[in-house]
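Please look over the sequence and the structure shown here before reading on.

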Amino acid sequence: MKKTTCKNTTMKKLSEDLPPGCHGPVTVTGAAGRLSCRMESDAADIPPICNYLISKQGYRFASIVIEEMPEEWLAHYIFYGDSSQGPVSISARVNKADNLLPSISHLIHAADWHEREAEDLFGLVFHGHPRLGEFVLHEEWPEGTNPMKKDFDATVSYIHKEAGPGWHPPGE
Amino acid sequence: MSGWVLKGLKTGIRTTPYPKVEEHAPGVSPGRPEGGVPAGDKKPADFACPVDAITVRDDRVSVDYNKCIHCARCLPPAGAILVKPAGGYEWAYKIQRDAVDPGGVEKTCRRSLHIRVVDGGACNACLSEVSQITKPYYDIHRLGFFITPAPRAADLLLLAGPVTEHMKLPLKKAFEAMPGPKVVMAVGTCALSGGIFGPGFASGGGVAGFLPVDIAVPGCPPPPLAIIHGLLLAAGRKDPDPTTSPGPGCRRDAQ
Amino acid sequence: MASAGRVSESGAFMMPIGPVFSGSAESAHFLLETVGEDIIRMIPRFFYKYRGVEKTAEGLPADRALLLAERFSGTSAFAHSLAFCHAVEEIWGIEAPRRAVVLRVILAELERFRHHVAAMEGICNSTGLVVAASQAGILEEDILRLSCKFAGHRYLFGLNIPGGLQRDFSDTECMELGRGIQEIFVKLQDLEKRLRYSSSFLDRLEEVGTVSLEDAVDYGLVGPVARASGISGDLRTCLSYGDYGSFEFSVPVEREGDGYARLRILFQEAKQSNSIISQAVSSIPVGGILQPPPPGAKPSGAALGWAEAPLGAAFHWVRLKENGRVARYRLTTPSFTNWHGFHLSTEGFAFQDFPIILATFGLSNAECDR
Amino acid sequence: MMEISLLLELFLLSCAAGIVLAIAIPERNAPSIFAWTASISSAIILIAGGIGLFTDQPFQAELWRISSLGTMGIGMDRLCSLFVFMAGLVFLPVSVFSARYMQRYSGRYSLRSFSIFYHLLFASVVLLLIAADALSFLLAWEVMSILCYLLINYEHEKQENTRSGLLMLVMGEAGFLAVVFGFLLLTGPSGGLDFTSLRLNAGSIGGVTRWLIFLLTFFGFGIKAGIIPVNTWLPKAYKAAPGNIAAILSGVTLNLAVYGIIRINADILPALDVGPGIVVLITGSLSALIGILYATTEDDMQQMLAHSSIENAGIIIAGLGAGMVFAATQHPVLAGIAFIASLYHMINHSMFKTLLFLGSSGIELKTGSRDMNGLGGLIRFMPWTGSFFLIGALSIAALPPFNGFVSEWLTLQTMLQSASLQSIPVKITFALSGAALALTAGLAVTCFVKAFAMSFLGMGRSKASRRAVELPWSMRSAMGFLAFLCIVFGIFPTYIIPVLDRTVTPIVHESAADALVPPFFTVGRGNEKFSRAFVSDFHDLGAQVGRDVLPGRGLVVLHRGGKRNPVVFAMSTSYTFIVLLLLLGATLVMLRIVVRRRKVRYQPAWDGGLRRLPSHMTYTATGFSNPVRVIFSAVFHPTVTKETKEAVAEHFRTAITKERREVHITERLILQPVVSMLRTVSGRIAKIHSGSVNTYAMYVIITLILLLMGGQFF
């Protein structure tokens, strides 16, 4: 991959001097436009990198964006900070066959709902998240309905199932 | 506490004289695209309407208000095709249907009508306009209209939003919990046709076909006076004006 | 499936609220676990208003998707359409003309001003202070009428398009708007003064619905709610966009994190909005208002656009395909972020305070559920 | 006319037969045989009590003569007869109820021993009541105490029950000892132990001894009634007891305490000044308030009823106190009214509390639980039980026209009569007690709305409560009988009060009936003694309605005061009842008319549009009474511990456990300090046990010297 220069000093430092727990490699993939830095790393390195950004660099969590590529999931973790350096995004690729991303919610609680939403809408499992399951789609949607997947026909109305007698609202 | 009373008295009466007198204050209504102008050689596609609300009928432009979302793209300067009237808000119209209890509400709730508002996935603009009607400028209480939290006490179900999958059951339950005679008023383009959200996997294409709609108030969002107009129609205190009601073909139920 | 353990206290029960509740409240469901007074735990259930906006946007051209961005949350339509436009403008590699940028600032602040006044109305209403609620309601409708007169739409729909604005405003119109807002602001200050001396009103807000700074940081709260708890984040300053850099304004911060702190933030932000508007209307640069997209095949790519919506930071992540249609649209809204932490403010407080706490948060389900 | 002595012999025979049969027949038949013998005994005693109450047959019998102690005998005056009658009235339905109820213990606990204890308890209760001398009274009391312990501890395999039973036994014995000392002080130098000679001797007893006797006997007897501060045993014991025994404890043994207090402190040794009366009044009203506070917040139905028994005992005792004050200040009519109110309430309490205890036992039998948090919706499965329970709840909540209303109204009216007293502090005490009783009455409504609503209405909050079935007819008939009595005693107070007056007259030496329930008011016709204006006032109130139809007195209870303000208070539950019936009928007719013209659609309760409203989303008993718990948190003084468990990280809570512990206020403020003080003192004393022989020898020598020195002086 072509080496791109990064204008964000923090991220530059991060890519050169990996935070503890990271195996690398972390590559800078772009710095165009409003995002001050785009990086890509191994999925397993996402939690330590996110933790480093939040707890060491004072960044704030903004969002998780999941994209469906033909063969893989592309997850962007977006952070922003008070500095003038603009938001950053760290991306990870996950094979569709694996369908598993490490959860960062235990480190960054703000990501909790984002991961739950992604699990519910994409069927992408966040390993280590204690409370995945019914979130956006309520209990009447058939199990395994992932409307954000490309193969989901959004124009079709779905036959809903009745809530079982043992149903209990899941915790927050 | 007395300070508040004085303040209230000092503010004076702000309430609109509508429906006794037409309200003409600037800004009470955004207006809406007006059909009826000669279409010339334009085809419907030329209007670039994102929701296909504009059609050409008998060489005249016709607007389906059940679909129009007030995006203003057909208006000058960008669209420069349709003229927009300055005011106007008596947009509500009645849908004749074989109701369970036809005309019951008009008879029994003429002077006192209780409203249960149900949010079927509205964007909040409609709900905001609905809440405006209870505030000093519009104050529906003077007309004997009340918003009630209990469907048991309600005569009119006011629905906003395209009716999402998740709200179908609560909406149905609320409607069933209401004692008869009762009417349903659909407020806003979303409630009438699904609006910009359209019929889809999670959001319905409006309430029609799901509940029997009696009063339609198109608009995105309909201004408070349009909602009051709808309420007056429901209570039978205003005669439906054939000139303001959209012609056949513009209504969803007629299609 | 993760079903959380129940609260175990002898006699504890769940008090369900909603999804259809209150007068004209949005559809949402709250389960308050309580033994009758203190809320031990609050479990929210949202997405009753899930309309699948992100999915619906896929495959739509950008200008059509903009309508979704504008209309999924009607009370913060301008901010969201702005954030969407920022993203698309970045992908297309264009920038809105200076005149449009300043007008966007005016319109965004107008929206914030109206939203905050509406939120104050909600707070006064929840505490049963009817006269104050009516006063705020009058001001809200005044602003709505002013918006309608100025922009042609009471909720500022149909103004933003990628590359600028759909219509231009004359200088006199803008000056008139500035004067109108100033008039309303004077009345708002009177209301604030009166509220500050209504002890029965303050009793219901002070030390009610407290969110600590640590919790607010952990949950990554944004907007007025976060600022009331001591987080000074505001995208207008920390990720400055538009022309905010050239206006003088401050981001108010309170420390208490209770309902009254949130109300004070609303008043102070309304003040700042008024100040920004009055600065902006007198310094609108001349020029065009629309930078048309590059002709021919539009560039594809992904970009993040953001704006400080009335309720806090909104991030719109857009990927456009080669044919100019949306491939992926991700909305991160302040309501989604803040509802996550809402339970913090209710737990340990009496459930009679619940509606008040709800009002001081002033969050939108339409914005959260999308 | 049957002889009372014959009836008593028959009663003892029937009890003996019950005991013999219990031993003789197979265990599985024990409950039904037991129910028959016990019911027959109750019926006999009911007749005996009735004869004693309604006729003027004096009954005296000597049992045996002990040379040094005098005659031991039995006798029945009207006061005895009333209590004997009440005992029969409670034992009868409880015995009928127990036939099927006791089968739940079949195979687990000995039904035989239950039968024996039950009959023995009945006999001892009757003997206690008809005892005419201190010795037989005390003997019967002790036997009754021990039998109560045995029956409370019937489910002896539960360790908790044994502990509760022991606490009861210990406190009961302490009370017994106090009473024994009281009697010792009461017996004069002549040494006569029969009540007549005690009464004769009472005049010579001095002030301090009088006070001492009063305190010893009042609190000694009071332990059985559960008045504060000697009530800690009561809720625990009632909770441990089988339901039918709890009914007996509340409906009969509680009355024995009242009997003891009246017998000694109003009959044998009436107070000469207002002091004892004030103490009784304050204790009573405080007991009532504390009792109802704990009852309102209690979720175990039987324990809730136990706390409510404390409350009702408090109301009875407060009435007694008022009566004692009025008697001491030479207001015999007012004293009579107060005693009537008190006794009336005692009778009512026996009836509705027994009914409620039977109801709660029935619920427990069919759902296996008495925790109101786990009940709900039972009216759909147990309509009869529910209706009877409702009548009991309305009665105890003192709603007109039920019996509880009459007696509580009379009690409160008595409190208001303090206007005729001289002393300001006494007036203030009356006012405060009246306020406390009024608050109690208000809370009682909350308490029993909760009890009924949380058990019978709404959704079943446990599986068992959704599968309950109606009780068998024998149990229902027992409850129905009591419910019927609750209504009768409620709507015919003018016929009950004269009977009570007959029992009270010998104590206060003047009849209150004429002042309280005058006959029909008409000009002339034997009413010449009333002024014309007074009578015409009563025409307006309708006091002459039914004059030609009704055989006895009018249907209005009123109190005739002085001349200037002739009517002090007036009330008629009979008329209220009629008006309520008419209103109910009119409503039903109107509903019929309205409904006939419209289609009726049945819809489930509005739940906010939820998919389903599970039962854990409905109000619980704890939630219902929580406002009371919050408002009176100074009384309850709970300690709350909260534990939160998390999964993975801080904010992922998996469970929140909150625990609330309350120590009863008397235990917290009185018992625990006393116990800890005793511990320190005994710890100090223990220090003198050095273990060295020399030290002990020295103690012996010092004691000897002291004794010798003492011998010199006396």
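## The nonpolar core

A nonpolar core is a set of buried Ala, Val, Leu, Ile, Met, Phe, Trp, Tyr and Cys residues joined through C-beta atoms within 7 Å, where buried means that 20 or more other C-beta atoms, placed from the backbone, lie within 10 Å of a residue's own. This is a predicted model, in which local features need pLDDT of at least 70 and side-chain atom pairs count only at pLDDT 80 or more, while totals for chains, interfaces and linings use all residues. Residues are numbered from 1 along each chain as its sequence is written, and chains are lettered from A and ligands numbered from 1 in the order in which they are written.

The largest nonpolar core has 485 residues, and those with the most contacts inside it are Leu159(B), Met185(B) and Ile340(D). Helix H13 of chain D, residues 332-367, gives the most to this core, with 19 residues; helices (H or I, at least four residues) and strands (E, at least two) are DSSP runs numbered from the N terminus.

## The fold of chain A

Chain A contains three helices and seven strands, which follow one another along the sequence in the pattern α-β-β-α-β-β-β-β-α-β. Of the 172 residues in chain A, 45% are buried.

## Where chains B and C meet

Contact between two residues requires their C-beta atoms, placed from the backbone, to lie within 7 Å. By this rule, 47 residues of chain C are in contact with 51 residues of chain B, and the largest share of the side of chain C that touches chain B, 12 residues, comes from H5(C).

Definitions and conventions. Buried ≥ 20, exposed ≤ 12 C-beta atoms within 10 Å, placed from the backbone.
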